[in-house]
Amino acid sequence: MSLRSPFLTLLLLLLAGCSGPSAVAHRRPIRALLITGGCCHNYALQTFALTNAVARHARVEWTIVNEGGSGTRAEIPLYDQPNWARGYDVVVHNECFADTQSPDYIRRITRAHEAGVPAVAIHCAMHTYRATSIDEWRKFLGVTSRRHDHQSRYPVKKAAAGHPILKNMPDDWITPKDELYVIEKMWPGATPLATSVSEADGKTYPVAWVNGFGKARVFGTTFGHSDATFQDPVFLEMLSRGLLWAVGTESLADRR
Ligand SMILES: [Zn+2]
């Protein structure tokens, strides 16, 4: 798949012909907006892997926005539109702009979610807007993180084993080489789903969680740095189920 700025709408009806109970539950494709780009990661590969993984579970019409270049500071044109999230069932944040600080800009983003647009937040989304003084983005995510440990293969322990997002995750899953984000704080409303232990300080940190922000469901995971992680079927299954859970159609994953 090629990426074209600023907008590329991909009709990923790869599994068209949906029938049976899922067709009743969701007659039209899920409309998903993926916001990606910024520093430090292979967003073309990640976009390809994510959209293909989700397509195994549900019909999704993706709009992919890759704006702002590859630095750590950008204010992307998408958010200039006052109703930038209108019409989407879910927004996936996989962008990486740690040094963007403008409170007005950040509030334009979080307000849309607070009003009820569900979200998935991946890896560097948690360090995006790290430099700002306001907490709205951190409350939206459900966590505060400002740094990460070294890359390693991290064993993952379930903290909420029965949660549908973790269905099919092995109890002994070990990630591909990835970064462990240090979580300073979990905000009220956030619930850890899975944790890993730091090899640096021995502390346990959430690596996947769900959050309630205003009227929106939010799923977040701090893994997702490496190409290898985006080629790991367990990670991709967790992401896919996280997206469906955020939309409120998690049962679709088991009906295809
Ligand atoms: Zn990273």
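Where is the place of N168? Select it and trace the chain both ways: N168 is in the loop between strand 7 (157-158) and strand 8 (174-186). Bear in mind that this is a predicted model.

**Stop 1: N168**

Check the backbone. Phi of N168 is near 75°, a positive value in a residue other than glycine. Most residues other than glycine have a negative phi.

**Stop 2: Y129**

Now select Y129. Here too the residue is not a glycine and has a positive phi, near 65°. Y129 is in the loop between strand 5 (119-122) and helix 4 (136-141).

**Stop 3: the whole chain**

Zoom out and colour by secondary structure. The chain has five helices and 11 strands. Of its 256 residues, 46% count as buried. Residues 24 or more positions apart account for 78% of them.

**Stop 4: helix 2 on helix 5**

Select residues 43-55, which are helix 2, and residues 233-247, which are helix 5. The two pack at an angle of about 65°, with their axes 9 Å apart. Because of that angle, helix 2 counts as roughly perpendicular to helix 5. The crossing is right-handed.

Show side chains next. Which residues of helix 2 meet helix 5? On the helix 2 side they are A49, L50, A53 and V54. On the helix 5 side, pick L236, L239, S240 and L243. By class, this contact has seven nonpolar residues, one polar and no charged ones.

**Stop 5: the core**

Stay with helix 5 and widen the view. The largest nonpolar core has 70 residues. Helix 5 gives the largest share of this core, eight residues. In soluble globular proteins, nonpolar side chains tend to be buried together.

Which residues have the most contacts inside the core? Select V90 and V218.

**Last stop: V218**

Centre on V218 and leave out residues up to four places away in sequence. V218 then touches P118, A119, A121, F140, L141, G142, V210, N211, F213 and A246. Some of these sit in elements already visited: strand 5 spans 119-122 and helix 4 spans 136-141, while helix 5 covers 233-247.

Technical notes. Residues numbered from 1 in each chain as written. Predicted model: local features only at pLDDT ≥ 70, side-chain atom pairs only at ≥ 80, totals over all residues. Helix = DSSP H or I, 4+ residues; strand = E, 2+ residues; numbered from the N terminus. Buried ≥ 20, exposed ≤ 12 C-beta atoms within 10 Å, placed from the backbone. Contact = placed C-beta atoms within 7 Å. Axes fitted to C-alpha atoms, helices over the stretch in contact; angles between N-to-C directions. Parallel < 35°, antiparallel > 145°, perpendicular 65-115°, else oblique. Left-handed = near helix turned anticlockwise from the far one by under 90°. Nonpolar A, V, L, I, M, F, W, Y, C, P; charged D, E, K, R; others polar. Core = buried A, V, L, I, M, F, W, Y, C linked by C-beta atoms within 7 Å.
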